[in-house]
Amino acid sequence: MDLKNPFQTSFGTFSTKDFFIVEAVDGNGNSGFGESVAFPVPWYTEETVATTEHVIKDFLLPLLFKKSIRHPDEISSRFSVIRRNNMAKAAVEGAVWDLYAKRQGLSLAAALGGERHWVESGVSIGIQPSVSKLLAVMEHHLEEGYKRIKLKIKPGMDVAVLREVRRHFPDVQLMADANSAYTLQDVDILKRLDEFGLTMIEQPLGHDDIYEHSILQSKLETPICLDESISSLTDARAAVKLGSCRVINLKIGRVGGLSETKKIHDFCREKNIPVWCGGMLEAGVGRAHNIAIASLPQFLYPGDISASERYWRKDIITPPVILQNGEITIKDIPGIGYDIDWQALESNRIERQVHLR
Ligand code: OSB
Ligand code: MG
């Protein structure tokens, strides 16, 4: 699917999104849907669209079909013999979770233990060609009602940009995401960000680092939020124990599915670490899964869960995700809460595969 506008991060620019929609079908005419979130190039983490396909087809589906399951929580332990490949695992597990919720007559949010009836929405803004363009984009999204703004930063596009942004928008809930663009050598630059009152700075250092973030956090007032570095409950435990972050961005795909996301959520709740739901430029199915998980109680900051129209001219779900006063309502209907818009899906689909049990 073509993005409305290119999205630029410190590691690269995206203009399209390629993904799989996984449909899990039972014998009674019920269908559950999942969406893969890996990008075509392994810039963010090591997975790609192609590795997702290989791992799902050659390893995960044979494991899933080996014997029956009683609950979707069993899938992540069944898949644990396959190392990592978390986004591939999450796409399959997500489809089964949706199917399970529909069979139970529960919304996916309720099936996951969600308590909220709406989630607060934030927006992530890519690196812009100029500060004036950035201010205009921010203004536009604030008018739409978004409750918090996240700006992508990188060396050379940080202190001066944020100073201008703060001058124009002194009160907005603001944060910055570096996607691993800095090293500990940059500590002086990163300390200068403290004056802007950011709610947090996301993933300043190595994509796989936990230790150096603990050194950096001890030198910053701004809370560090980890994204790329947290791929499991084990990582979350290490990061919290070491003081590497004060907030965690939870992405279902990055940690291998909804069951692992719930475990990290529950651990963070016990440790008083706020979490929020990150985004991977999802189309509607992935977006609906994000909305459902964000209904859990420890999701304490607005997520990167914006309306369908933030990225898509026409989403593949109906109705599209919409914003009301900066919030998204969680629908009390079975499953993900949205129907597939088959016409929209077909107009973007380039292949189809059938795997029978
Ligand atoms: O680091 O959160 C990230 C987009 C692509 C890759 C990584 C990230 C992002 C975003 C956008 O920040 C989140 C979204 O709106 O889906
Ligand atoms: Mg991030």
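This is a predicted model: local features need pLDDT of at least 70, side-chain atom pairs count only at pLDDT 80 or more; totals for chains, interfaces and linings use all residues.
Reader: What is the omega of the peptide bond from Thr318 to Pro319, and is the bond cis or trans?

Author: Omega is near -5°, and the bond from Thr318 to Pro319 is cis.

Reader: Why is Arg84 called partly exposed?

Author: Arg84 has 15 C-beta neighbours inside 10 Å. A residue is buried at 20 or more and exposed at 12 or fewer, with partly exposed in between; Arg84 therefore counts as partly exposed.

Reader: What makes Asn85 count as buried or exposed?

Author: Asn85 has 20 C-beta neighbours inside 10 Å. The threshold for a buried residue is 20 or more, so Asn85 counts as buried.

Reader: Where are Arg84 and Asn85 placed, and what is the phi of Arg84 and of Asn85?

Author: Arg84 is in the loop between helix H2 (73-79) and H3, and Asn85 is found in the loop between H2 and H3. Phi is near 50° for Arg84, a positive value in a residue other than glycine. For Asn85, phi is likewise positive and near 50°, again in a residue other than glycine.

Reader: How do you know that the span of helix H3 is close to the expected value?

Author: Helix H3 covers residues 86-104, 19 residues in total. Just after H3, Gly105 adopts a positive phi of about 75°.

Reader: What makes H3 mostly covered?

Author: Of the 19 residues in H3, 17 are buried.

Reader: Which residues touch the most other members of the largest nonpolar core, and which element gives the largest share of this core?

Author: The core has 101 residues, and Ala176, Ile201 and Ile248 touch the most other members. H3 provides the largest share of this core, 11 residues. At least three residues come from each of domain 1 (2-106 + 341-348) and domain 2 (118-338). Not counting residues up to four places away in sequence, the contacts of Ile248 include Cys225, Leu226, Ile264 and Val275.

Reader: How many residues of each class form the shell around ligand 1?

Author: The shell has 3 nonpolar, 6 polar and 3 charged residues. Among the residues around ligand 1 are Tyr44, Asp177, Asp227, Met280, Leu281 and Asp304.

How values were computed
Residues are numbered from 1 along each chain as its sequence is written. Chains are lettered from A and ligands numbered from 1 in the order in which they are written. Helices (H or I, at least four residues) and strands (E, at least two) are DSSP runs, numbered from the N terminus. The expected span of a helix is 1.5 Å times one less than its number of residues. A residue is near a molecule or strand if its C-beta atom, placed from the backbone, lies within 6 Å of it. Ala, Val, Leu, Ile, Met, Phe, Trp, Tyr, Cys and Pro count as nonpolar, Asp, Glu, Lys and Arg as charged, and the others, Gly among them, as polar. A nonpolar core is a set of buried Ala, Val, Leu, Ile, Met, Phe, Trp, Tyr and Cys residues joined through C-beta atoms within 7 Å. Domain bounds come from an automatic or database domain assignment. Two residues are in contact if their C-beta atoms, placed from the backbone, lie within 7 Å.
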